[in-house]
Amino acid sequence: MRILTAKQIKAVEERAFQNEFTEEGLMKCAGTACFNKIVKKYGDKVQSSKVAVFCGNGKNAGDGFVIAKLLCEIGVDAVIVIADKMPELREPLMYYNEAIENGVKSVCFDDYTFDCDYIVDCLFGIGFHGEPREPFPSVFDAVNSSGAVVISIDTPSGTDATTGAVVNAIQADYTIAISTLKYAHVLPPANEYCGEVTVVNIGIPEKYYDSNYALTITAADVKAGFIKRAKNSHKGSFGRQLNICGSYFMPGAAVICAKAALKTGVGLLECVFPKSVYPVMTSHLTQPIFKPVCENESKTISIGAMNDVTESLNRADAVAVGCGLGNNDDTQVITSQIIKNASVPVVLDADGINSVVPFIDIIKDKKAPLVITPHPAEMARLIGESTEYVQSNRIDTAKAFAKENECIVVLKGANTVVTDGRQVFVNTTGNAGMAMGGTGDMLTGMTASFIAQGLSPLQAAKSAVYIHGLCGDITAEELSQRGMTVDDMLLLLGALMSNFE
């Protein structure tokens, strides 16, 4: 599914207006589609309730007037609440008059007593940016404290559709995006204000869209990347993965990464780790090839193990580096040598990323594709900015780094961003229960596993991110967001892969 900026969706609509649509016709289509979605979502509850449709003075108000009229026609006690002043545009006024003529009541915000069960937010559309002026901050606060179920049309009022910025905004329970997703639906902090998001088609034909948009990752995209396993396959048919992970203080990261690789179908897995980690690895895993190597005083892999690492590297189809690796002079040299010398794709995570921060240009010396999977703080260290900067510019930051360094960036967090510097994909699976140690190690193991099995690095990253989030969603549903663990997710992962065979 596409994700558009405010400017892009306006351009789509303008192309439609020039050919086969009128503004009032499209407004009616939008209002009708949103009405149908509200009734489908809330059913009989909304029909026996009081609904307040909050409208501003722009085009978004027209959608609200259409919704109010249609609600009234099915017997809903609907009222239009004018927040500031009446719209001056002809199209919204036309639908306002139709609503009033059909029995919808209208009241100014200052005179409204908030006697409603549902609020439909049509105060602002995609054109909002900056900071709201009065009376809108007061309106937002009143709506948010009303106790009513809040349904926002297109984007929650007060959110910036293009950047996801928020100063003060409506907190929606349900957001109905018109035609496509906008960046407010997937970027922080605006995505926190959207609640559940759904998209309605208002009839704009495909020919009015171009291809220069970010996309969401879908189950169909992911499934299309996996080929059916041949009957006469053997373990070599599904790739050999090398994990260079773990240290005395973080052995669990190596275990999680390994389990994720095995649960997602890699044929052979070799694990290189400091020798002191051997008891932990062998007590939790039986399937991999174990290669304990010499360690330094910090009990991380020693530079003296470089020959062993290189030997294993020459047998691999994909490499995962960094999970629990530790960050010191030895691991920095080892990581840089792997990046420079590997002839197969490398997935770089956690301390693998931290190890290259002091000499980031090493990434440009790679021979093979590189996938980096930073969380926002790691991304900030890579580019010399603050975490706040990264979070405020997630798409642009990831895309620019990927393009400059010719790598694939998986910028983790809510609505993880995957980009190769040209194409941008945003994930919509996952939940806050996954915000715990170990989930990133799991993602790394999955990504390298999919590459080893033959997926392109970009397709592997997209697939891993989507399945990883879906696994988290199902786990949270079965247990709880607070009570779920990475081990719970790993237990589910193997069975979940049946959806993609």
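Predicted model: local features only at pLDDT ≥ 70, side-chain atom pairs only at ≥ 80, totals over all residues.
Reader: Is the crossing of α3 with α4 left-handed or right-handed, and which residues make the contact?
Author: Where α3 passes α4, the crossing is left-handed. On the α4 side, the contact is made by P92, Y95, Y96, E98 and A99. On the α3 side, the residues are K59, G62, F65, V66 and K69.

Reader: Let's turn to α15 and α17. Are they roughly parallel or roughly antiparallel to each other?
Author: The axes of α15 and α17 lie 10 Å apart, at an angle of about 30°. With the cut-off at under 35 degrees, α15 and α17 are therefore roughly parallel.

Reader: Which residues of α15 meet α17, and how many charged residues does the contact have?
Author: T439, M442 and M446 are the α15 residues, and they meet V486, M489, L490 and L493 in α17. By class, the contact of α15 with α17 has six nonpolar residues and one polar residue. The charged count is none, as no charged residue takes part.

Reader: Which element gives the largest share of the largest nonpolar core?
Author: This core has 56 residues, and those touching the most other members are F226, M281, V418, M442, M446, F450 and I467. Elements giving two or more residues to this core include α7 (251–263), α15 (439–452), α16 (457–478) and α17 (486–496). The largest share, ten residues, comes from α16.

Reader: Leaving aside its neighbours within four places in sequence, which residues is I467 in contact with?
Author: I467 is among the core residues that touch the most other members. Beyond its sequence neighbours within four places, I467 is in contact with V222, F226, M446, F450, L493, L496, M497 and F500.

Reader: Is Q332 buried or exposed?
Author: Q332 is found in helix α10 (residues 329–341). Leaving aside neighbours within four places in sequence, Q332 is in contact with N327, S355, P358 and F359. Its relative accessible area is 16%, and the cut-off is under 20%, so Q332 is buried.

Reader: And I303: where does it lie, and is it buried or partly exposed?
Author: I303 lies in the loop between β13 (289–293) and α9 (306–313). Leaving aside neighbours within four places in sequence, I303 is in contact with D330, V333 and I334. At a relative accessible area of 41%, I303 is partly exposed.

Reader: Which residues of helix α12 (residues 376–383) are buried?
Author: The cover over the buried residues of α12 includes α11 (351–356), β16 (370–372), α13 (387–392), α14 (394–405) and β17. The helix is followed by G384, with a positive phi near 70°. The buried residues in α12 are P376, E378, M379, A380 and L382.

Reader: Which loop holds P135, and is the peptide bond from E134 to P135 cis or trans?
Author: The loop that holds P135 runs between β5 (118–122) and α5 (136–144). Omega for the bond from E134 to P135 is near 15°. That peptide bond is cis.

Reader: What is omega for the bond that joins P188 and P189?
Author: P189 sits in the loop between β8 (181–182) and β9 (196–200). The bond that joins P188 and P189 is cis, with omega about 0°.

Reader: A350 has a positive phi. Is A350 buried or exposed?
Author: A350 is not a glycine, yet its phi is positive, about 50°. A350 lies in the loop between β15 (346–348) and α11. With 15% relative accessibility, A350 counts as buried.

Reader: Is E406 buried or exposed?
Author: E406, found in the loop between α14 and β17, has a positive phi of about 50° although it is not a glycine. Its relative accessible area is 66%, and E406 is exposed.

Key:
Residues numbered from 1 in each chain as written. Heavy atoms only, no water. Left-handed = near helix turned anticlockwise from the far one by under 90°. Helix = DSSP H or I, 4+ residues; strand = E, 2+ residues; numbered from the N terminus. Contact = heavy atoms within 4.5 Å. Core = buried A, V, L, I, M, F, W, Y, C linked by side-chain atoms within 4.5 Å. Buried < 20%, exposed > 50% of the residue type's maximum accessible area, 1.4 Å probe, protein only. Axes fitted to C-alpha atoms, helices over the stretch in contact; angles between N-to-C directions. Parallel < 35°, antiparallel > 145°, perpendicular 65-115°, else oblique. Nonpolar A, V, L, I, M, F, W, Y, C, P; charged D, E, K, R; others polar.
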